[in-house]
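Hi,

Here's the structure I promised to pass along. Have a look, and then read on for what turned up in it.

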Amino acid sequence: MENTTLRHRGRDDDEPSMPGNDRSTSKQRGDGSCCCPMLLPLLLRPRASWIWMYLSKRPKLLFGLGLLSLVFVGCQFIRGIQLSNAVLKEDNDNNDEGSYHQQPQLMWQQTCEASRSGNMHRPPSPPQSNNNNNNTHSLRHQPKLDTFKHNTSFPNKNETSSVVVCTIAIHELPYLTEWAEYNLHVLNVAKLFLYDNANTPELSNWNVDSVSIGREEGSGQNSTHNTNSDKNSRISIIHYPGSKQQGPAYKDCARRALSEGYEYAFFTDVDEFLVLYQHNSITELAVDYLGKGDDDDVRMEVEIDKDEKIIGGRHEHIDEEGKLEEPTTSTLSKLTTERNETRTVGSLGMNFRTLGNNCDIEYKDLPVSKRFQYRVEAAYPMNMYIKSLVKLKWLDLDVNFNDPHFYKLKKDDNGKEAVKIDTNRNVRGGSIHHMRLYDVAAVHHFLFKSLTEYIKKRERGGGTTGPSASLTEKAKRGIDNNGAPIPGGSIYDDEVWKRLVEKVPRYKKFDA
C-alpha cells in the first residue's frame, strides 16, 4: 500500500500544470498529442510477464504494437519541434514589436540615403526679380508685336490684387498656416477660398488669425482679415464634404470669385507653392500673360492643321504604363499648317517642381518649406504636370471640372475657343507640359513630405480619384506612383523658404 500511495501522489492529474511539463501542456492545449508511449514502462514491469508470454505467441501483433510505438514517438518528436519554433516566434514578436512593419521603411530609408550620397549639389541661383522695377519680365520677354497683342504694362505693386486661390483640403491643419501666409504675403493673392472636405468641419479648429502674425505692414491689402462674416475677408472657408469633390469645389470657387468681382483664379493644393522668378506678384504674372480687364485680352496667332486642330495644342497624355506618349515622326509629318488664325489666351500652365522627402520617415513639427529643401531632377515624371492660372471670364462653367490641372475654356464671339499657353508663350493642350519650363515660374510640389505623411496622403486618396489600395500599398513600401523608390531629393532648393522668411519675419526663428 505504501508504494501504491507514493505512486498515486506522483500522478500528473494531481499536479498543477507547470511550464515545461509536456503532458500537462499537451492536455491543456488540446492539441491531440497522445501519451500512449507511456504504456511502455507498464510492459517492462515484472508483473507484466504474462503479457509477454501472450505476445510471444502472436508475432504479428507484437510487430504492429512496435510499429505503432515508433509512430507515436515520431509524432511527439515533430510536435516538440513545432512547439519550440512557436515559442521562439512568440519571443521574437514580443521583443521586436512592430519591427515587421518598420523593416520595409528602414530598408527604404537606407536605400534613399545611399542614392543621395555624393549626389547632392546646389544649382546656380535662379534670376531674381527686381523689386524696384515692375516691368522686369516684360523687358526680358518682350512679346512679338505680330504675334501677341496686349498692353504689357503692369499694375502698381501696391495696387489691389485681383487673383484668388482655390483649394480643397482634408486633414491638412498642420500645414495650412504656412501655405496661407505664403499665398497671402509672398504671392499677394487677393483671397483664399478654402474648401473643407472633412465630414465634420475641420477648419473651424484652425486659428485663422495666426495667418497675419509677423507682417510688418498694418494697413492696406497686407493686413489679413480672416473671418467669413467680414466682407473684406481674405480667407473664406466653405465646408464641402464628400468623395471626389475637388472638381466640384473648384467650379464652385470660380463662380464665387466671379460673383465677387475677381478676375483670375489659381487652382492649387495645400502642398503646392508657386515660385515666381521674374514677377513681383501673381497679379503681375496674370496681367503679363493673360491681360487685364475686358478690353485687354491677350491675342496670339496660332497655326491650324487640316484637322482643324491647333498645332502644339493637341492634348498630350500618359499611357497605361505612366509614360508620356510623344508624337512620332509620321504623326508630326501630317501636322502641316493649313492656315493661321488669332485666338484669345485664357489660361497659363506652369510645371511642377517636385521636392524630395529628405529620406525622412516621421513627421517633424517644422514648416514644410524648411524641412524639405532638396528637389528631384527635372526629368522626374511628376514634373510634367502643370497647375493653371485662369482668366475667369474665359473659364467654361457649363462643363464638369474633371481634371485639376487644366480646364476647358469658352469660345469668343467668333466661335473660336480660347487657348492655354506655357510660360514660353506656346500653345499647349492637356494637363502636362513635357518640356518642363522653369525660367519664369514653377509650382514647388511638396508631394511626399515624410514617408508616414505620404502613406496617410495615399490612404485618404486624391481629390478626383479617391483612395487607391495599390498606391497605398506602394507607399507603405516606399514606392511612388511610377513604381520607383520615393526620392529623397538631391538638388538644393530653398526658394520657397527664402521668400517666406523675407515676407513673414516670424519664420526667421527656425533658422536660429
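A quick definition to begin: a disulfide here is a pair of cysteine sulfur atoms within 2.5 Å. Bear in mind that this is a predicted model, where local features need pLDDT of at least 70, side-chain atom pairs count only at pLDDT 80 or more, and totals for chains, interfaces and linings use all residues. Residues are numbered from 1 along each chain as its sequence is written, and side-chain values use heavy atoms, leaving out hydrogens and water.

The structure has two disulfides. One joins cysteine 112 to cysteine 359, with 2.0 Å from S to S. Its S-S torsion is about -80°, so this disulfide is left-handed. Cysteine 112 sits in helix H6 (residues 99-116) and cysteine 359 in the loop between strand E8 (337-354) and helix H12 (368-371), 247 residues apart. Helices (H or I, at least four residues) and strands (E, at least two) are DSSP runs, numbered from the N terminus.

The other joins cysteine 166 to cysteine 253 (S to S 1.9 Å), and with -75° about the S-S bond that link is left-handed. Cysteine 166 is buried at 0% relative accessible area, where buried means under 20%, exposed over 50% and partly exposed in between (1.4 Å probe, protein chains only).

Cheers
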